[in-house]
Amino acid sequence: MTVKELARAAGVPASRVRYYARSGLLPAARDPDNDYRCFGPQDLARLRFIVAARALGFALRDVGRLLDAADTGQSPCPSVRRLLERRLAAVAAQRRALAREHARLMALRARWQVEPDGHPDSRRLCPLLDRVPAELLHAAGDG
C-alpha cells in the first residue's frame with residue numbers, strides 16, 4: 001500500500017501517516033523503483049493502534065513504548081491500562097482547574113452586571129478591567 005492507500009484504509013489524512021513514519025512509529029519499506037513508502041497489512045493494524053492511542057491522549061513517546069513492547073512479543077495491555085489511569089487523573093485535574101476558572105469568571109460577570117460602563121480616558125481604557133480584584137488577576141496568570 002502507498003501512503004495514500006494506507007491513510008484511506010485507516011480513515012486518516014495522508015499527512016498523519018507521513019508524520020508517524022517520520023517519527024519512527026510506522027516504519028516503511030521503500031519501493032526500489034520509485035522510492036515511495038510501501039506498507040503492508042500489519043502496518044494498517046499498527047496505524048490503527050497509533051490512532052486509537054493518540055485519540056485517548058497518549059503521548060507519542062508512550063505510543064512508541066507500547067509499540068516496542070508489542071514488537072518484542074509482550075502485551076502492551078498492562079501499560080495501556082496504566083496510561084489510561086494517568087490520563088483519567090490528568091483530565092480530573094484539568095476539570096477541577098476549569099471549574100475554578102469558571103467560578104472565577106462567573107463571580108466577575110455577576111460583579112460587572114451591576115457596575116456602570118465607563119469611557120476610555122488618559123488614565124484607563126476600561127474601568128471594568130481596572131477594578132478586577134488583584135487576587136483574580138494573579139489567579140489567571142498570563143501563560
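Reply: Leaving aside neighbours within four places in sequence, Val17 is in contact with Val3, Leu6, Ala7, Val12, Leu26, Phe39 and Leu47; contact means heavy atoms within 4.5 Å. This is a predicted model, in which local features need pLDDT of at least 70 and side-chain atom pairs count only at pLDDT 80 or more, while totals for chains, interfaces and linings use all residues. Residues are numbered from 1 along each chain as its sequence is written, and side-chain values use heavy atoms, with hydrogens and water left out.

Me: Which residues touch the most other members of the largest nonpolar core?

Reply: They are Leu6, Val17, Leu26, Leu47 and Val63, in a core of 19 residues. Helix 1 (3-10), helix 2 (14-22), helix 3 (41-55) and helix 4 (60-71) each supply at least two residues of this core. A nonpolar core is a set of buried Ala, Val, Leu, Ile, Met, Phe, Trp, Tyr and Cys residues joined through side-chain atoms within 4.5 Å. Helices are DSSP runs of H or I with at least four residues, strands are runs of E with at least two, and both are numbered from the N terminus.

Me: Why is Tyr36 called exposed?

Reply: Buried means under 20% relative accessible area, exposed over 50%, and partly exposed in between, with a 1.4 Å probe and protein chains only. Tyr36 has a relative accessible area of 53%, and is therefore exposed. Tyr36 lies in the loop between strand 1 (29-30) and strand 2 (37-38). Not counting residues up to four places away in sequence, Tyr36 touches Ala29, Arg30 and Asp31.

Me: What makes helix 1 and helix 3 oblique to each other?

Reply: Their axes come within 10 Å and cross at roughly 55 degrees. Axes are lines fitted to C-alpha atoms, for helices over the stretch in contact, and angles run from 0 to 180 degrees between N-to-C directions. Angles under 35 degrees count as roughly parallel, over 145 as roughly antiparallel, 65 to 115 as roughly perpendicular and the rest as oblique. Helix 1 and helix 3 are therefore oblique. Leu6, Ala9 and Ala10 of helix 1 make the contact with Asp43, Leu44, Leu47 and Arg48 of helix 3.

Me: Why is helix 3 oblique to helix 4?

Reply: The axes of helix 3 and helix 4 come within 10 Å and cross at roughly 140 degrees. Helix 3 is therefore oblique to helix 4. Here Arg46, Phe49, Ile50, Ala53 and Arg54 in helix 3 meet Leu60, Val63, Leu66, Leu67 and Asp71 in helix 4.
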